[in-house]
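This briefing is meant to be read beside the sequence and the coordinates.

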Amino acid sequence: MSESMKMNYLFHSERLGFRTWNEHDLEAFAQLNADPEVMEHFPKPLSTEETAGFITRLQDHFDKRGYTYYATEVIETGEFIGFIGLAYQEYETDFTPATDIGWRLKKSAWGKGYATEGAKRCLQHAFETLNLSKIVAVCTLRNTNSENVMRKIGMTKKGEFDHPKLGDYPQHQRCVWYEITPK
C-alpha cells in the first residue's frame, strides 16, 4: 500500500481502510441502506434523506467522541463497502451506557471475512488507541450472521433484552448482547 493511500485512513487492517465520512459517501451508502436484504434486521430500509442524516450523526459522533462507525473501504480498490466501527450508546438497558461495535456491509462484500477482519481491527483500536475498557455488541435474535461475527472476534454472550428503541417493531425488539474487555 502506498503512503498516500495510508494517509486517507485513520487506521487500517490487512485489506480494509477505516476513515471518517464525507459528502461523496452519500450515494453508495444510500444504496446500501435502501437494500431490503442488508436492512433485514432493522425496522426498514432508509431513504437517501435518512442516510444523509445518519452520515451527519456519524460525523458528529466522531467529532464528539473521537470514534464512530467508520466508512470502510477495500484498500486495494478503494471500493466503499459500508461501515465497521464503534458508537457510544445511551439507550436504557442494564449494560448501557456503553460503546458498541457494529457493522453494515453491502451484499457484494458479504462472505469475504470483512466484518470479522474489520471488527477485530476496530477492537484493537478501541483498546490500544482509545483505551476503552469494554465493548458491547447488539443484534436481533434472528441475526445469526452478526452473532457469528461477535463470537469470531472473541466476544462473550451476556444475555437477551428488549431493545427500548424498537418497541414499535416487535419483530426486531428482542435482541442479544455480547461483551468483550481487553485481554
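The model is predicted. The protein contains six helices and eight strands. Of its 183 residues, 49% are buried.

**Overall build**
- Read from the N terminus, the order of elements is α-β-β-α-α-β-β-β-α-β-α-β-α-β.
- The radius of gyration is 16 Å, which agrees with the value near 16 Å for a compact globule of 183 residues.
- The C-alpha trace spans about 45 × 40 × 35 Å along the principal axes.
- Counting contacts between residues at least 6 apart in sequence, 59% of them join residues at least 24 apart.

**Surface and charge**

**Nonpolar cores**
- The largest nonpolar core has 31 residues, and the members that touch the most others are Ile84, Ile101, Trp103, Ile135, Ile153 and Met155.
- Elements that each supply at least two residues of this core include strand 3 (69-74), strand 4 (79-89), strand 5 (98-105), strand 6 (135-140) and helix 5 (144-152).
- Strand 2 (16-19), helix 4 (114-129) and strand 8 (174-180) are also among the elements that each give at least two residues.
- Helix 4 gives the most to this core, with seven residues.

**Aspartate 25**
- Aspartate 25 sits in the loop between strand 2 and helix 2 (26-34).
- Aspartate 25 counts as buried because its relative accessibility is 3%, under the 20% cut-off.
- Beyond its neighbours within four places in sequence, aspartate 25 is in contact with Arg19, Thr20, Ile55, Ala71 and Phe80.

**Methionine 39**
- Methionine 39 is in the loop between helix 2 and helix 3 (48-65).
- With a relative accessibility of 4%, methionine 39 is counted as buried.
- Leaving out residues up to four places away in sequence, methionine 39 touches Leu32, Asn33, Lys44, Pro45, Leu46 and Arg104.
- Between methionine 39 and glycine 66 the separation is 27 residues in sequence and 27 Å in space, C-alpha to C-alpha.

**Backbone geometry to check**
- Most residues other than glycine have a negative phi, and most peptide bonds are trans.
- The peptide bond from threonine 96 to proline 97 is cis, and its omega is near 5°.
- Proline 97 belongs to the loop between strand 4 and strand 5.
- Asparagine 131 has a positive phi, near 55°, and is a residue other than glycine.
- Asparagine 131 lies in the loop between helix 4 and strand 6.
- The relative accessible area of asparagine 131 is 59%, over the 50% cut-off, so this residue is exposed.

Conventions:
Residues numbered from 1 in each chain as written. Predicted model: local features only at pLDDT ≥ 70, side-chain atom pairs only at ≥ 80, totals over all residues. Heavy atoms only, no water. Core = buried A, V, L, I, M, F, W, Y, C linked by side-chain atoms within 4.5 Å. Buried < 20%, exposed > 50% of the residue type's maximum accessible area, 1.4 Å probe, protein only. Helix = DSSP H or I, 4+ residues; strand = E, 2+ residues; numbered from the N terminus. Rg over C-alpha atoms; globule rule 2.2 N^0.38 Å. Contact = heavy atoms within 4.5 Å.
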